[in-house]
Amino acid sequence: MWDFPIWPEAASTVAPSVEALYLFIVALNIGMTALVFGLLVLFSVLYYRRADDQVPPQYHGSMLLEIGWTAIPTVICLIVFAWGVKVYAELVVPPADSMDVYIVGRQWMWKAQYPGGQREINALHAVLGKPVKLTITSEDVLHSFSIPAFRVKSDAVPGRYTTLWFQPTQAGVYHIFCTEYCGTEHSRMIGKITVMEEGDYQKWLSEKAELGDALQGRKLFAKLQCVTCHAGESQARAPSLEEIHMKRIPLSFDKGSPVAPGATVLADENYLRESIRYPSAKIAAGYQYPSIMPAYDESLVSEDEMFQLIAYIKSLKKGQTPTRNEHTTTPTALGAPAGRP
Amino acid sequence: MQVTEKKHAQEAHDDHGHGHELAHHFVSVEQQHDAGNLGMWMFLTTEVLFFGGLFAAYTIYRYKFEKVFEQASNILDPMLGAINTIVLIFSSVTMAFAVRSAQQGKSKAIVAWLGATIVFGALFLGIKYGEWKHDARLHVFPTSDFNWTWAREKHAEGEHGHGHDSHGPELKGFVFNSPVVPANYIESDSRNPEAKQAKLFFFLYFSMTSLHALHMIIGFGVMAVIMVYAWYGYYTPHYYVPVESVGLYWHFVDLVWIFLFPLLYLLGAHLGAGH
Amino acid sequence: MSTIITSAPALAPASKEPGQGGGVDYLNHETSIASWLLTLDHKRIGILYLVAMSAMFVLGGFYAGLIRAELITPKGDLMSSDFYNKSFTAHGVIMVFFVLIPLVPASLGNFMLPLMIGAKDVAFPRLNLISWYVYMIGAGFTLVALIGGGVDTGWTFYTPLSTTYLNSNVLLTATGLFILGFSSILTGLNFIVTIHRMRCPGMDWFRMPLFVWALYATSVIQLLGTPVIAITLALVGVERLLGVGIFDPRLGGDPILYQHLFWFYSHPAVYIMILPPLGVTNELISTFSRKPIFGYSMMAGASLAIAIFSFIVWAHHMFTSGLSPYAAMFFSLLTFSVAIPSGIKVFTWLATLFRGSISFDSPMLYAYGFIGLFTIGGMTGLFLSTLGTDIHFHDTYFVVAHFHYVMVGGAIVGFMGGLHFIWPKMFGRMYPEFLARMSAILIFVGFNLTFFPQFLVGYLGMPRRYHEYPDEFQVLNVFSTAGATVLGVGYLLPLLYLPWSVFFGEKAGRNPWGATTLDWTHTESPPTPHNFEETPVVTGEPYKYDTLFNKESALAGH
């Protein structure tokens with residue numbers, strides 16, 4: 001019974017940084033507490049009232065002390081703040097070669113989607129030593145995705161994407177918790193992340209093989225008629241989507257008003273999602289407001305499907321946009337078995 | 001604490017014959033007057049913060065949905081809004097005269113000027129009622145009845161010649177009966193994210209103006225009570241702090257409207273240029 | 001420095017004999033129920049609040065007991081998830097809004113403020129009574145919702161859960177809290193005008209007791225912050241009723257906007273809870289060490305600084321909500337600014353105790369407990385204001401432990417100290433000192449046993465608001481529940497001996513503690529209905545013990 005943990009595992013590259021900062025603040029806590037408790041006890045012993053009518057000298061203040069105990073804590077606080085920002089920067093900037101995994105939270109489960117199309121519920125698998133970036137959203141209320149062993153956490157906000165990243169340093173199985181109260185079964189919205197060696201991971205991936213996310217996205221692209229306007233022909237009525245992910249897109253209108261010359265937007269996942277849900281929000285240069293593109297809400301494109309579309313758009317290389325009457329085969333790079341459209 | 005005693009202040013029960021002029025816990029008329037004034041100013045500060053929450057929400061969504069808010073604002077009639085602004089300013093003038101009369105001890109004049117203030121306030125609310133009736137016909141009340149496609153179409157028709165104006169909506173209980181919106185309009189709205197954004201504008205419009213109107217109605221009630229007291233000569237040049245306080249309150253209500261009017265009615269209005 | 005003989009001979013220090021006054025006091029001059037329920041006397045209104053808040057505290061504590069009982073085992077076997085969620089919501093709503101916010105201002109503040117500044121009452125006595133009725137009505141609405149059906153949103157009512165996804169009594173609760181907010185606003189307004197306009201002759205701003213400064217700073221926050229939560233709750237209610245998308249993303253709204261609006265009030269609200277107990281501690285440390293508070297002006301300034309800074313740090317509750325990193329850095333930096341004045345206060349008390357003449361009456365034990373627990377609570381706040389660590393700690397039991405240290409270990413313990421301190425003034429009776437000391441110690445020990453393990457289990461990652469939890473967290477939870485039983489006994493004792501003492505306690509003199517403020521030196525115990533028969537005139541600073549005890553100061557020149 002006494003064999004219970006007091007210290008969480010530190011199983012990611014960031015965890016030791018967080019630990020070091022934590023220990024520093026613990027030291028500050030212990031120091032201040034010892035100082036205060038110690039002086040309280042000391043003064044109680046030294047200065048307890050010795051006679052009923054005893055009156056001590058009536059000191060009023062000391063500017064030196066006041067400055068001292070204002071300035072020194074200020075300096076210490078600034079140090080703690082700066083160190084906190086340094087660790088925070090590590091926590092929020094993912095490496096460029098992170099593998100993307102998409103997480104959708106809903107009452108009361110976590111759904112994970114891998115680039116290869118594999119899906120899991122309430123579980124994740126990751127490779128030892130390889131960075132993973134999670135893009136997270138919610139289908140209904142606020143949730144929050146947290147892996148204490150990695151010291152990471154991010155809310156799942158309906159209507160937008162948030163991200164977190166980690167690189168595991170220790171194989172094992174760790175808790176996933178939902179850490180934003182989301183209703184009756186909040187405490188059951190938990191899972192496990194399994195960190196494995198590369199070989200075991202590949203084995204696991206192939207066992208769960210399915211049509212990849214991007215391939216699914218391509219099917220949606222056709223089914224939802226995106227290809228009608230965003231086709232591969234030269235007189236397409238809509239901008240080309242080839243290689244636009246993380247490019248700067250020149251704009252002509254933003255929120256309905258003309259923009260300053262040279263204004264651009266970064267085409268990240270949030271932008272791609274917004275352009276599908278509410279096309280008139282931002283209009284690319286050369287096109288008019290309001291957009292002629294219809295708006296696709298949750299009933300037409302669910303959050304899961306949205307991730308697939310985005311995965312497809314991210315995979316789209318030059319010259320690969322399907323034409324409206326396409327007879328070309330699907331690139332095998334997307335994972336389709338050879339020979340099938 | 002070093003303290004010396006002082007004789008009990010006699011002024012409370014001295015020269016002013018009316019016993020009500022000085023409450024027993026105050027030591028002087030000045031203290032009572034200052035306390036009353038400061039109290040009302042503090043209360044108005046809370047009102048600023050109260051309305052401020054709505055103004056904050058408005059500002060954020062105005063920035064987020066700029067164009068749609070502009071289009072929605074254009075549905076409102078700035079002429080009626082401007083007339084209402086003038087009406088409220090007049091009501092503040094009459095209120096100021098009421099306070100002046102109280103300072104001069106002219107009880108009947110207080111009643112007259114407060115009455116005039118209420119009349120102007122009622123005129124404001126009457127014009128508002130007319131506006132809301134028109135809004136109901138356009139289906140811009142932020143209820144399940146809201147329809148942006150309908151609103152824009154009928155508003156454009158209304159501007160350039162007359163559409164079917166014959167049957168205005170009737171007020172049944174607290175709800176206006178407007179013509180039913182055909183299904184294709186509902187369909188069009190459901191495919192248009194801007195409809196929800198416009199509904200948000202109108203929600204903010206109706207909640208801010210309703211809150212303002214509620215404050216006016218409460219003001220009427222307080223003024224009516226003060227009118228009764230004034231009629232019976234309760235206020236003197238030494239004791240008129242309730243009149244002064246309601247005056248402050250009323251000027252605040254006026255000031256809130258002066259902020260609401262441009263924010264709600266004049267978005268994107270290029271005064272002097274055509275529509 | 002000359003000695004000044006105070007003119008009333010009954011001002012002998014630490015006089016435990018009953019004072020003069022002929023026996024007519026504010027308690028016995030009228031005793032009908034109507035004279036209590038329609039009273040305009042700030043002292044009686046303070047007692048009305050005290051009784052109401054004690055009842056609410058017991059109710060909130062009952063829900064806490066349910067929570068701790070369930071958490072003894074990892075599985076949710078004592079009650080359903082739904083009932084558990086309703087219990088922690090009820091615990092939070094009751095404790096925050098019905099106990100902690102009005103705690104010191106409405107009871108101790110109402111009673112003491114006019115006495116401390118030499119006034120006969122607050123500026124607006126009728127408004128004061130109305131505040132109490134508004135509190136009761138708001139409480140009524142909210143309790144009907146919480147108990148008759150239940151609300152399971154958590155006390156924070158985050159959207160879109162509260163506006164769209166729950167079919168519970170959210171609207172009724174929001175209405176009750178909306179009404180309750182006015183009680184807080186009106187009390188704050190009353191105190192501000194009272195402090196500005198009703199000070200007796202000679203009482204300049206820098207001659208007021210520091211408790212009055214604390215009440216002033218608190219009232220400013222109450223005045224400015226509460227209307228924002230009022231309008232936020234109104235918007236939540238309207239969104240539920242009309243289906244407008246202010247906070248619901250499906251209708252174009254933004255759930256993070258709710259969080260900004262909510263925390264814009266709720267962060268300053270926690271300073272409403274802690275500033276008055278900080279003020280009480282000033283009075284206790286000074287009186288029981290017979291020294292003026294070190295650095296009076298800095299202490300007054302620190303209270304105001306805390307009040308002002310409290311309004312610019314709210315988003316530190318939202319570091320994981322998807323804020324931009326720049327916003328997060330900004331709020332993190334500002335949050336440290338609030339820590340500095342709090343630290344100044346703790347150091348000031350230590351300096352006050354230095355070379356004092358310290359006695360360990362029960363109020364002083366509570367003051368010591370306050371300083372210790374507030375220090376720990378405040379210092380653990382550093383983990384949360386620091387961005388790198390907050391990500392890990394957010395929404396875990398670490399946060400729960402932190403805020404209980406400051407709210408219970410701080411605010412409640414400070415309140416208990418103040419209550420015991422003015423008890424003889426309020427009722428003219430002393431309570432059993434031995435039992436009081438026992439309670440103070442039991443509360444301190446029980447509190448630490450309950451909440452320290454929660455720091456550890458929070459660091460392990462145990463989330464808050466969890467009905468069930470992984471097995472490895474059990475032992476720490478069991479410790480916590482064990483501590484809670486000790487804490488419960490500690491709270492039970494005053495609930496018994498304090499009312500007992502009103503009727504059977506030893507009669508108290510005018511100034512049993514030897515304090516120097518007007519409320520002790522110039523009023524009877526209990527005070528007469530109008531407090532002061534003659535308006536006092538103040539000619540010097542507060543906290544001068546040498547003149548009170550008719551002694552030359554031992555060190556000339558100070």
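In chain A, the centres of domain 1 and domain 2, taken over C-alpha atoms, are separated by 33 Å. Keep in mind that you are looking at a predicted model.

**Domains of chain A**
- Domain 1 of chain A is made of residues 15–42 + 62–92.
- Domain 2 covers 99–207, and domain 3 covers 213–323.

**A sheet in chain A**
- Five strands of chain A form an open sheet with mixed pairing, in the order β3-β2-β1-β5-β8.
- At the edges sit β3 (119–121) and β8 (162–166) of chain A, each of which pairs on one side only.
- On average, neighbouring strands of this sheet are turned by 25 degrees against each other, direction ignored.
- Strand β1 (residues 99–106) and strand β5 (residues 132–138) of chain A run in the parallel sense and pair over seven bridges.
- To see one such pairing, find D100(A): its bridge partner in β5(A) is K133(A).

**Where chain C touches chain A**
- Chain C brings 82 residues to this contact, and chain A brings 75 residues.
- On the side of chain C, helix α11 (residues 325–353) gives the most, with 14 residues.
- That side of chain C has 46 nonpolar, 25 polar and 11 charged residues.

**Where chain A touches chain B**
- Here eight residues come from chain A and eight residues from chain B.
- The side of chain A has three nonpolar, three polar and two charged residues.

Conventions:
Residues are numbered from 1 along each chain as its sequence is written. Chains are lettered from A and ligands numbered from 1 in the order in which they are written. This is a predicted model: local features need pLDDT of at least 70, side-chain atom pairs count only at pLDDT 80 or more; totals for chains, interfaces and linings use all residues. Two residues are in contact if their C-beta atoms, placed from the backbone, lie within 7 Å. Helices (H or I, at least four residues) and strands (E, at least two) are DSSP runs, numbered from the N terminus. Ala, Val, Leu, Ile, Met, Phe, Trp, Tyr, Cys and Pro count as nonpolar, Asp, Glu, Lys and Arg as charged, and the others, Gly among them, as polar. Domain bounds come from an automatic or database domain assignment. Two strands pair if DSSP finds at least two bridges between them. Axes are lines fitted to C-alpha atoms, for helices over the stretch in contact, and angles run from 0 to 180 degrees between N-to-C directions.
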